[in-house]
Amino acid sequence: MADNFKFSIIVSNLSGYKDSIDSIISQELDFRQNVQLIIIKDSNILTSDIDEYITEYPNNILVLENKDNLNSRNFALRHASGEFINFMKAGDTFDKSCLKTVNDLFNSNTDINLVSIALFDPIYKNIIYKTPLSENRLIDINKVNNKEFNYYFHLPIYASFIRGTDYYFEDKNIDENGISVTSKILIDDDKFGFVKDIFCYHNPESEFSENINYRNVMEKLKLLNNIMQYADDNLNKNPEFLQHIVSKELEYIVRIEDLSQISTDLNKLNEFWNLMDAVLKNVSKKAIKSNNFLDNFVISFLLFIKNKSFAIDCSQHKVFFKTENYSMLNLHNQKLHFDVIEIKKGILNLSGYLKSICYSDNISVEALLKDENGDVKYYKGKFVEYPTTNRKTVTFLSHPWIFSYNFDFKIPINEKKIEKISFRTVYHENSEYVIWNNKISPRKYSNLSKFSHYSVKENMLVLLKDNSFYSMPLNAKSKYKFDLRAIFQILKERPQYYRGGIFYRTLIMLLYPFWKNRKIWMFMDRQDFADDNGEHLFKYALNQKDDVDKYYVLDKNASDFKRLSKSFKNVIAFGSFKHKLLFLFSQKIITSQPAVSLYNPFFSKNITMFAGFYPNVYFLQHGVTKDNVSSWLHKFNRNLSLISTTSDLEKKSFLDVGYNYDEDIIQTLGFTRYDNLNGENAKKQIVIMPTWRNYIKNEEDLKNSEYFKRWNSLINNNEFIEYAGKKGYEIIFKPHPNLYKFIDLFDKNNHVIIDYVKKYQEIFNESALLITDYSSIFFDFAYIKKPLIFYQYAKDYHFDSENGYFNYESMGFGEVIKNEDDIVNKIKYYLDNDCVMEDLYRKRVDDFFKYTDRNNCMRTYEWIYKN
């Protein structure tokens, strides 16, 4: 391999490394001539996918196996021959002009040893650390003005390039961001290069949280202490930029929720706190308070543990949280964030939260409704708990620190008058009361935004103006005035995709007089698959003679798109012009998948420009809910108008703490796809259908998981295969859709068919026996009283099965088995008895399902039409 490369790019063989490699190979700077790519291979990871790159670029790619488990960065540096080094994070990608731009900057500034580029989050589509950088791309630390000072100095090594290989890195478990090197370069050189308009596309998830133990935490603190000592030795001070870096690095430790994750030994915990004090002693309150990379709650906690004091000062109708005489956080400056802003049946429904660092028991939020006559009515918000979400109380190092006051309002409004709804917050402790007005901030999916500050529902208009909501009768003239204001606001700020925002909002204005009375409903399942409750209800709906325009939405590249398009003219492509236009006039989205990203065509096109046009969402469910799923299906994140269930037990579970839906939203109507279930086409067929595991992110996760080993072993079990063949049964392995792209990892044989094609309904109707783990598809199978077996080898499912209402042992429709031998024996039992469901499980089926009359489509459609 050549030894005169410009760059050595070092990447670990982890999740997403192929995307990283492709982005390096496709750089404007010629890869063959200028880049050495070093891949660190873990000993338990396959490299078959790397072989194709090595074959094409044998002189550029070096694969190193870290057999001795050495510090991977230092191990790689021994083999790096490039002039400039980057430690790329697997899964990250660079702009095409990145290496050329960095090379030019190094060459024009031969006295600098570090160049950093900007970080961009491709998921949320924003710059992670925004900077006010001028065109001058050389930063002299001593000349940066105070206003800009702390923008530049969080320089993670994966978005930085260093000159040469004479460096020593701490282990990644301790120093993920590589400040053991970048900080010392800044101390030694006083200057570095920063490129504002070239990006590293990076998912900002910390790995430190996965490596929490006493050793790692203490070593990280020692590292921070040593860097500050290095600065003191060389500069006779701890410069402010270094204090900013250290306080940012402390965030990873501060966010450890429970001290027991570090240690339960009191002596070790004392050592931890002593070392934390030693580090914080060298970080000023000013450096903490002004750190742009920290949120206010981390800042306030760092100030608290630095000063070891906490006080609440209530004066001048304000609430200050102080440490000594230094203000940590001001409650009166916190915003009232609104998740739900909607009118339903003459009621203004509002949900939101206020975050603080004091107990929610000391806070209340009140709404004041003022009518045209000046009369005022007061409404106290209902406090709501969300214990399985980020709205729960958050602890830092065993200190309860972030408290969410989650509130709900139901305010009757006059449909013929203009009414103003404003808010006030009350802090009360003992006999003291402080009352003030917080600013209102609509959240991303709340149906209002700074670009679209009004919404229309039920011939009423809700307007956000002057830190208040106004409800008023719908007036075409007012609506057009607000439409124009929204367009001018978009044009003024020119956010990303602003041209599309202006185009569609202008089109809405033109079409509104002609389309305003249309009843448009959109039916959906997954974007890439149909054949679920959405499709089955859509087919039923088309036969109903009423005033509703019905459309089914699906990705045009999905295999089901051609099938449905042949039979129905009103099947439209997801994200198409027609879809976007109809969406903005839709009343209802009826879907088996409730995530906004799966039904809103503007999700990745700056959704806030189209707030005010979000339809009501009716959730048909994909599977029967048996576990506690309040961590993702709660009101503040979904705000559904229907959750359709199959059982009153299931319905009751949605009324538990954490969901916060009104009881009339949860309806036992039955699943629409069940209307097509029957056992009339049963064959001698066994189907194996495990569900997914959210902890599996890539091939390596899967290959090394017990999930893979167990199911791969079962579909290749000779005893099972031979007995099924002897009895004349066919074996089908139907993988979860998320497993499709990994299916080649499984060992194949000629006796087990891996099926991607058959529809679930077809599989259920044809099969005689089901083997699954936790997948809710077992409800479909049990509905037609066919036998099934639960293979639950471990408690590795991502949903909370322990606290759900459904107990597999006492309520399940088949036996729960933990090992492969017992599974095979139970399969033999069913094959010997013609696959007849046992009486115990037949009774459980009858007890669970409320309806077995195959009128689920009718019930569901009628309910949605009326509501």
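Visitor: Is Lys 843 buried or exposed, and what makes it count that way?
Guide: This is a predicted model, so the values are computed from it. Lys 843 has 52% relative accessibility. Exposed means over 50%. Therefore Lys 843 counts as exposed.

Visitor: What about Asp 847?
Guide: Asp 847 also has a relative accessible area of 52%. The cut-off is over 50%, so Asp 847 is exposed.

Visitor: Why is the pair Asp 847 and Lys 843 called a salt bridge?
Guide: The closest N and O atoms of the two are 2.9 Å apart. The rule asks for a Lys or Arg nitrogen within 4 Å of an Asp or Glu carboxyl oxygen. The pair therefore qualifies. Both residues lie in helix H27, residues 839-848. They are 4 residues apart, about one turn of the helix.

Visitor: What lets such side chains pair in general?
Guide: Side chains of opposite charge can pair when their charged atoms come close.

Visitor: How many salt bridges does the rule give here?
Guide: The count comes to 46.

Visitor: How do you know that Glu 706 and Arg 710 form one of them?
Guide: Their N to O distance is 2.9 Å. The limit is 4 Å, so the pair is a salt bridge. Glu 706 and Arg 710 sit in helix H21, residues 706-714. They are 4 residues apart, so about one helical turn separates them.

Visitor: Why are Glu 706 and Arg 710 called partly exposed?
Guide: Glu 706 has a relative accessible area of 38%. For Arg 710 the value is 22%. Buried needs under 20% and exposed needs over 50%. Both values fall in between, so both residues are partly exposed.

Visitor: What does the salt bridge between Glu 176 and Lys 89 tie together?
Guide: The two side chains meet at 2.3 Å, N to O. Glu 176 lies in the loop between strand E9 (160-163) and helix H6 (179-189). Lys 89 lies in the loop between strand E4 (84-88) and strand E5 (93-94). So the pair ties together parts that are 87 residues apart in sequence. Glu 176 and Lys 89 are both buried.

Visitor: Which residues are linked in a network of salt bridges?
Guide: They are Glu 535, Lys 539, Asp 560, Arg 563 and Lys 759.

Visitor: Why does Asp 175 have no salt bridge?
Guide: The nearest side chain of opposite charge, Arg 73, is 4.8 Å away. A polar atom of its side chain lies 3.0 Å from the backbone nitrogen of Ile 179.

Visitor: What makes Lys 826 buried?
Guide: Lys 826 has 13% relative accessibility. Lys 826 is found in helix H26, residues 820-832. A polar contact of 3.3 Å joins its side chain to that of Glu 838.

Visitor: Which residues form the negative surface patch?
Guide: Asp 19, Asp 22, Asp 51, Glu 52 and Glu 56 form it. Helix H1 (17-25) and helix H3 (48-56) each give two or more residues. The largest share, 3 residues, comes from H3.

How values were computed: Residues are numbered from 1 along each chain as its sequence is written. This is a predicted model: local features need pLDDT of at least 70, side-chain atom pairs count only at pLDDT 80 or more; totals for chains, interfaces and linings use all residues. Side-chain values use heavy atoms; hydrogens and water are left out. Buried means under 20% relative accessible area, exposed over 50%, partly exposed in between (1.4 Å probe, protein chains only). Patches are made of residues with over 30% relative accessible area and no salt bridge: like charges are joined within 9 Å, nonpolar side chains (Val, Leu, Ile, Met, Phe, Trp, Tyr) within 5 Å. Accessible areas come from the Shrake-Rupley method with a 1.4 Å probe; for residues, only the protein chains shown count as cover. Lys and Arg count as positive and Asp and Glu as negative; His and the chain ends are not counted. The place of a charge is taken as NZ of Lys, CZ of Arg, CG of Asp or CD of Glu. A polar contact is a pair of N or O atoms within 3.5 Å; within protein, one must be able to donate a hydrogen and the other to accept it, and residues adjacent in sequence count only if both atoms are side-chain atoms.
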